[in-house]
Amino acid sequence: MEATEIGTEAGDVRTLMAAHAANALGDGSFHVTSALFFAQVVGLSAAQTGLCLTLAWTAGFLLTTPLGLLADRIGLRRSAVLWSLVIAAALVAVAVSGLRDPVPFTALIALYAVAQSALAATRQALVATTIAPERRVTVRARLHVAVNTGLGLGAGLGGLALLVGTPTAFLAVFVFDALTFLVAAAVIARLPRPTAQVSAAAPRSLRLDVLRDRRYVVAAALTAVLYLYMPMLTVALPLFIAQRTAAPGWSIALLFVVNTIGVLLVQVRAARTVHSLPSAAVALRRAGLVLLVSCLVMAGSAATDSAAVALSVLVVGAVLQVLGEVVLAAASWHVGFALADPDRPGQWQGLWSSGQPLARAVGPVVLTALLLSWSGPGWLVLGGVFAGVGLLLAAVVTRAARAGSPPIPLAA
């Protein structure tokens with residue numbers, strides 16, 4: 001690659017990092033205040049909040065892939081700007097509408113979730129089209145670090161709103177989050193060239209050809225199961241700590257700090273170890289086994305009446321969890337890029353990214369029932385799922401590496 005091309009790519013990376021960091025700053029403040037906003041300002045019960053989020057992220061899962069097809073047709077940069085603006089509009093609408101009826105409120109949150117899912121997939125496709133193949137996973141890791149940094153700082157800002165505790169403070173968080181998406185839209189619009197326009201040889205129909213790529217569909221589905229570590233960390237584990245362990249309440253915040261620092265320190269290093277499909281298969285097996293051990297350690301935190309011992313066990317479990325998370329992330333990024341059709345990144349990355357909203361939709365219900373009802377055995381089941389699916393996905397990737405067959409050709 002010539003020096004000018006390398007310089008252009010470096011500029012693209014900086015642009016993507018700035019956009020990711022801006023959104024994460026707003027999202028961090030949103031995540032730590034949204035539950036109380038739903039309860040205290042909108043007036044939703046816990047059951048209504050759970051149903052609202054499940055419906056919203058289910059819509060995100062169902063529409064991410066079709067919207068990836070749209071991104072291929074109108075261009076990824078234009079699509080990323082569009083969805084950033086939609087998210088900002090949805091957040092402002094929630095803040096200023098004063099909605100108290102669960103039905104229209106759920107519709108707005110669903111619009112937010114769909115746009116978030118589509119934006120995540122579009123950005124993944126932007127990486128696939130602007131970054132050289134041998135550097136995509138490392139760049140994706142750098143973006144992940146930028147996101148976690150922004151989330152941590154944003155969570156601190158959201159914590160200030162929690163200290164104030166007034167409806168105005170919560171509404172200010174929503175407006176601030178919307179502003180960060182407007183900033184991100186302006187930053188993405190500065191990408192120096194149009195990206196991911198559909199090539200002249202690409203089919204012009206609205207058919208979702210990615211669904212015919214059975215290898216990719218299977219790999220994406222298995223990866224979606226592994227994404228259950230996300231609601232495990234953000235939903236199920238805080239409830240488990242509060243109801244089943246002697247650990248102090250602030251230990252939940254400490255575990256989030258451990259996770260954030262772990263990602264910042266290890267994610268880029270983990271990405272450098274994944275450079276081929278065989279190395280991705282090895283990483284997937286390791287990630288599943290590490291997550292299994294993490295679950296077993298988390299279960300052990302309920303076996304003591306000592307707050308200090310319980311907290312220490314939880315910290316060890318959190319360290320293991322973040323190690324499994326960063327290895328899984330690096331491997332899944334490589335597989336998602338390597339097995340995709342390079343001429344239609346919106347569709348393929350849309351399907352790959354749809355696993356996260358699916359995990360967010362079903363994870364809270366499944367994991368809270370599993371871990372709070374069964375406790376120790378439930379953690380064992382969850383850990384077994386992580387290990388088993390990791391091994392199965394590694395087998396799929398190994399077979400794909402041996403076959404060496406490309407994705408569905410454009411003539412299909």
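**Exercise 1. Find which residues T180 touches, not counting residues up to four places away in sequence.**

Solution. T180 touches A22, N23 and G26; contact means heavy atoms within 4.5 Å. Helices here (H or I, at least four residues) are DSSP runs, as are strands (E, at least two), numbered from the N terminus. Last, check burial. T180 has a relative accessible area of 7%, so T180 is buried. Buried means under 20% relative accessible area, exposed over 50%, and partly exposed in between (1.4 Å probe, protein chains only).

This is a predicted model, in which local features need pLDDT of at least 70, side-chain atom pairs count only at pLDDT 80 or more, and totals for chains, interfaces and linings use all residues. Residues are numbered from 1 along each chain as its sequence is written, and side-chain values use heavy atoms, with hydrogens and water left out.

**Exercise 2. Work out which helix gives the most to the nonpolar patch.**

Solution. Start with the members: L85, V175, L179 and L182. Together they have about 310 Å² of accessible area on the surface. Such areas come from the Shrake-Rupley method with a 1.4 Å probe; for residues, only the protein chains shown count as cover. Like charges are joined within 9 Å, nonpolar side chains (Val, Leu, Ile, Met, Phe, Trp, Tyr) within 5 Å. Helix α6 (residues 167-188) gives the most, with three residues. L85 lies in helix α3 (residues 76-97). L85 counts as partly exposed because its relative accessibility is 40%.

**Exercise 3. Locate T304 and decide: buried or exposed?**

Solution. T304 sits in the loop between α10 (277-300) and α11 (307-338). Its relative accessibility is 18%, so T304 counts as buried. Now look at its side chain, which reaches the backbone nitrogen of S306 at 3.1 Å. Leaving aside neighbours within four places in sequence, T304 is in contact with A246, V309 and A310.

**Exercise 4. Describe the surroundings of V326.**

Solution. V326 is found in helix α11. With a relative accessible area of 1%, V326 is buried. Not counting residues up to four places away in sequence, V326 touches V263, V266, Q267 and A270. The C-alpha atoms of V326 and V164 are separated by 35 Å. These two residues are 162 residues apart along the chain.

Conventions: A polar contact is a pair of N or O atoms within 3.5 Å; within protein, one must be able to donate a hydrogen and the other to accept it, and residues adjacent in sequence count only if both atoms are side-chain atoms. Patches are made of residues with over 30% relative accessible area and no salt bridge: like charges are joined within 9 Å, nonpolar side chains (Val, Leu, Ile, Met, Phe, Trp, Tyr) within 5 Å. A salt bridge is a side-chain nitrogen of Lys or Arg within 4 Å of a carboxyl oxygen of Asp or Glu.
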